Amino acid sequence: MRHEMPIAERRGPKRLIETDVPRSREELEAIARRALSFATADETRINIGSGWEGNTRFAVSEITTSGGVTDLTVTVTSTVGRRQASATTNLTDDAGLRRTVELSERLARLSPEDPELVAELGPQQYPDVDAFARATADLSPEARATAAQRVIEAAHAQGGAGLEISGFLSANAGASAVATSKGLFAYHPQTSTGLSATARTDDGTGSGWAATGSRDWSDVDAAALGRRAAEKAVASRNPQAIEPGRYTVILEPNAVASLVPLLMGSFNARSADEGRSAFAKPGGGNRIGEKIADERVTLYSDPVELRAQPFANDGAPTGRVVWIGNGVLRSLNYDRYWAERQGVPRTPAGGGLKMNGGTSSLDEIIAGTQRAILVTRLWYIRSLDQRTVLVTGLTRDGTFLVENGRITRSLKNFRWNDSPLFLLNKIEELGWPQPTGASQVMPAIKARDFEFASISDAV
């Protein structure tokens, strides 16, 4: 049954707790200082997370749920000698903070000694990062309902009234802070929003998906996203099976965003130095300085450019880190303990992730391709071998055969087995980088010999 009035005009749920978003630097610093005033441990760290999260879910072309949460949590980490423990509360009066500090300290004294413990940090310098957008913080239930309606109406206009449209819209706004008994204080406000939509055809054979994310809701075009999902659904009707095997693949940016960031876990310096990762050098050491990918590949983190939090959980600053530069392994992630152990600087890891690309659009890549499989989305990804970063997963919501520069038919989904490291060594063409999350940017990738292992009958 269709709605008889616009969704946005209906009376929607309201936030149960009205509060300023984001909490100010002065307010969070005052909470941290009060908590520290109760501490008697050798060292104490206070982590505060505050904010609001709102979401709207829609299915079968109607809104099904709308919710919101406003909260503030304080985590106290106490160090007594080489023993450390934490306790968390969302009570910020003096009695609540005092109880949490006392609990953290009692637990610390009961904990075993940690031979890899590092001292808490003193005052640090952080880059200025603009990661807060008022348009996202003000995304009310009514505004989210209007956005969902735009997705649904645009999808129906593109693919017909018989499409069933489902999706999820989330918005987050808040601030985080870190303080230590050694005088460190860090504060960062930020917002993020994500919108995804799935369109299914009425015969149950076609499915299309589109998604986007940003710090700023103003960057999101809900109607365009609905049209894209509908276009994919209609085109993917009545898929045909082809023999599994190794094919040239065209991965759309969101598919790349499911695969390439899996490398981040392998950038751990300790794992490499101890011979447990893809970047371990035979005979000892790591592969920093070696060519590990196509020379067109540059992969880096940068909290300023990518609008990410400029400090880690312990208050250590994050900064620009080039992981792969022109195909060469430039950095590994040295945490504070392993950096001290190896006698090297720590890596200011964190700050989002971006892979540079080319200048071609997805349509231009398709037009220049003789034969390939186009993949909209990868999902249900699981690790197979950490030494090669080999993973397995399924395609979903739009898999197509490209022949002579155009999409010729829809294909049944595949199970695939491959590695982002292998992928980055088999590149034929890169598309232009596009946002795939609040602090993530990825290009489309055309690569040879991607392994499609078997057919999946799931739509």
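Leaving aside its neighbours within four places in sequence, which residues is Thr436 in contact with? Point 1 answers this; all points concern a predicted model.

1. **Thr436.** Leaving aside neighbours within four places in sequence, Thr436 is in contact with Pro253, Asn254, Ala257, Val441 and Met442. Thr436 is found in strand β17, residues 434-437. Its relative accessible area is 13%. Buried means under 20%, so Thr436 counts as buried.

2. **The sheet that holds β17.** This is an open sheet of six strands with mixed pairing. The order is β10-β9-β8-β11-β18-β17. The edges are β10 (328-329) and β17. Each has a single partner strand, so one side of each is left without a neighbour in the sheet.

3. Strand β8 (residues 299-301) pairs with strand β11 (residues 353-355). The sense is antiparallel, over two bridges. Tyr300 has Lys354 in β11 as its bridge partner.

4. **The largest nonpolar core.** It has 50 residues. Those with the most contacts inside it are Ile324, Met355, Leu424 and Ile445. Take Met355, again leaving aside neighbours within four places in sequence. Its contacts include Val260, Val297, Thr298 and Leu299. Leu424 and Ile445 are also among them.

5. As a general point, nonpolar side chains tend to be buried together in soluble globular proteins.

6. **The antiparallel sheet.** Another open sheet of six strands has the order β3-β2-β1-β4-β5-β6, with antiparallel pairing. Here β3 (83-89) and β6 stand at the edges. Each has a single partner strand, so one side of each lacks a neighbour in the sheet. The twist averages 15° from one strand to the next.

7. **Two hairpins.** Strand β4 (residues 164-180) and strand β5 (residues 185-200) pair antiparallel over 16 bridges. They form a hairpin with four residues between them. Gly183 in that turn has a positive phi of about 100°. Eight bridges then join β5 to strand β6 (residues 207-214), also antiparallel. This hairpin has six residues between its strands. Gly204 in its turn has a positive phi of about 75°.

8. Phe168 stands opposite Ser196 in β5. In β6, the bridge partner of Ser196 is Ala211. Elsewhere on this pair of strands, Arg200 stands opposite Ser207 in β6.

9. Helix α2 (residues 94-110) lies across β2 (62-80) and β3. It runs at about 150° to β3. Helix α4 (residues 141-159) packs on the sheet too, touching β1 (43-59), β2, β4 and β5. The direction of α4 makes about 45° with that of β1.

10. **Helix α5.** This helix has 14 residues, 222-235. At 1.5 Å a residue, α5 should span 20 Å. Its end C-alpha atoms are 20 Å apart, which agrees. Which of its residues are buried? They are Ala222, Leu225, Gly226, Ala229, Ala230, Lys232 and Ala233. These cover an arc of only 160° around the axis, which puts them on the same side of α5. What covers them includes α4, β5 and β6. The cover also includes β12 (371-385) and β13 (390-403).

How values were computed
Residues are numbered from 1 along each chain as its sequence is written. This is a predicted model: local features need pLDDT of at least 70, side-chain atom pairs count only at pLDDT 80 or more; totals for chains, interfaces and linings use all residues. Side-chain values use heavy atoms; hydrogens and water are left out. Two strands pair if DSSP finds at least two bridges between them. Axes are lines fitted to C-alpha atoms, for helices over the stretch in contact, and angles run from 0 to 180 degrees between N-to-C directions. Contact means heavy atoms within 4.5 Å. A nonpolar core is a set of buried Ala, Val, Leu, Ile, Met, Phe, Trp, Tyr and Cys residues joined through side-chain atoms within 4.5 Å. Buried means under 20% relative accessible area, exposed over 50%, partly exposed in between (1.4 Å probe, protein chains only). The expected span of a helix is 1.5 Å times one less than its number of residues. The arc is that of the directions from the helix axis to the C-beta atoms.
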